Amino acid sequence: MIESKSKNAAPETVAGNGLLHRRIFLTRGAALLGAGSLGLLTPTLAVAQVAPEMPVLAKVPGAALSGYGNRSVFEEGIKRYNIRTYPGTTGSGGSWTPLESLEGIITPSALHFERHHSGIPDINPDVHRLLIHGLVDRPLIFSMDALSRYPMVSRIQFIECSGNSRVGTAPKPVQMTAGGLHGLFSCSEWTGVPLSILLEEAGVDPKAGWLLAEGADSAAMARSVPMAKAMDDALIALYQNGERLRPSNGYPMRLFLPGYEGNMSVKWLRRIKVTSGPTMTRDETAEYTDTRPDGSSLMFTFPMEVKSVITAPSFGRNLQGAGLYEISGMAWSGAGKIARVDVSVDGGQTWGQAALSEPVLSKAVTRFRVAWQWNGGPAVIMSRAVDDSGAVQPNRAQFLAARGLKRNYHYNAIQSWKVAANGEVSNVYA
Ligand code: CO
């Protein structure tokens, strides 16, 4: 019998300090390791200590039905955090997704990160309009009803703020959760009308190379978008995770530019002006340009680059004694699909490949997992993502050598977590 024979077989290691082969996550591999081997992930908790009792609440009728659901009261501690607003405002600033509390690849709409430049407008969809004008044959104005009659597509894709993770440039590692460090990043199913269909109907002038997208918020947030992107995979998004957009995500409609820095996906979209060149708006000149080590500025750096973060274990998710653990995290790239994620548990000396959980989608979160036989000694764990364009996530020293410290958009360096002998996890620069 395979099970009894292999019960004593040691799990196959693939890199130093106890990193196991990703084969452990395949059904056959788990059987070869012996019955209950995956149960070792929580060895003591799996053992019943007392006979189960009927919960008191099950003896009385439960709560009534409701028109719109809520999560369990026991989950209410999981919230967006780091909420930071500009002095004198209530709605301008950002909030972070608690990445380490999520599983799978979808961010619940209520936990999607926020970044607003003048608060969240309260827009009545019945009076909202989208104007397409500029270098077009026919300027067009769309109501919500009109837009709803066009063919729609759905895609699971991420949005990441250009300034996400910039805390990684701080001189000393800041002690925060994975979401606190990297949570200006979320992944949803977006449904809407391809922008290319609307632009074709308007008739784009051959001289047009760009467009201006402007929001209906009181900041009139506006960005220039290359025409090639608009005609490729841009959406006028109306739905998020199956329901209409949340107001904090642009209700009733937003531009959605897969893989591009978040603020180009202009929320509360009211106007698209087709232009020959970029408009040089405040939002792309005073902000969202990358100052280089020599003091010059790099403009129009749009795609978010390949990146990953381990969410378990991570700061605040400590280990409970030596043993077998699953290391799990998220990887993504604005260039396309994740091709590979390597994990190290010895501070980057040796690496082993993680298993990628299906589905692996373009410009979406890819969940990765690897098993680790922790010997109870200090360890530094890190993940390094590679995308299908061949781009490799840099380590922090490589990133800083190339980009400098002056203005730090597009930070995508490897995150390192130190696991102390007592199981505590902290942010370190390795
Ligand atoms: Co940029």
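Guide: E103 has 48% relative accessibility and counts as partly exposed (buried is under 20% relative accessible area, exposed over 50%, partly exposed in between, with a 1.4 Å probe and protein chains only). The model is predicted: local features need pLDDT of at least 70, side-chain atom pairs count only at pLDDT 80 or more, and totals for chains, interfaces and linings use all residues. Residues are numbered from 1 along each chain as its sequence is written, and side-chain values use heavy atoms, without hydrogens and water.

Visitor: How far apart in sequence are R115 and E287?

Guide: These two form a salt bridge, with the closest N and O atoms 3.9 Å apart. R115 lies in strand β5 and E287 in the loop between α7 and β16, so the pair ties together parts of the chain (helices are DSSP runs of H or I, at least four residues, and strands of E, at least two, numbered from the N terminus). The separation in sequence is 172 residues.

Visitor: Which strands stand at the edges of the open sheet of five strands?

Guide: Strands pair if DSSP finds at least two bridges between them. The order is β21-β20-β24-β25-β26, with antiparallel pairing. Each edge strand has a single partner, so one side is left without a neighbour in the sheet; the edge strands are β21 and β26.

How values were computed: A salt bridge is a side-chain nitrogen of Lys or Arg within 4 Å of a carboxyl oxygen of Asp or Glu.
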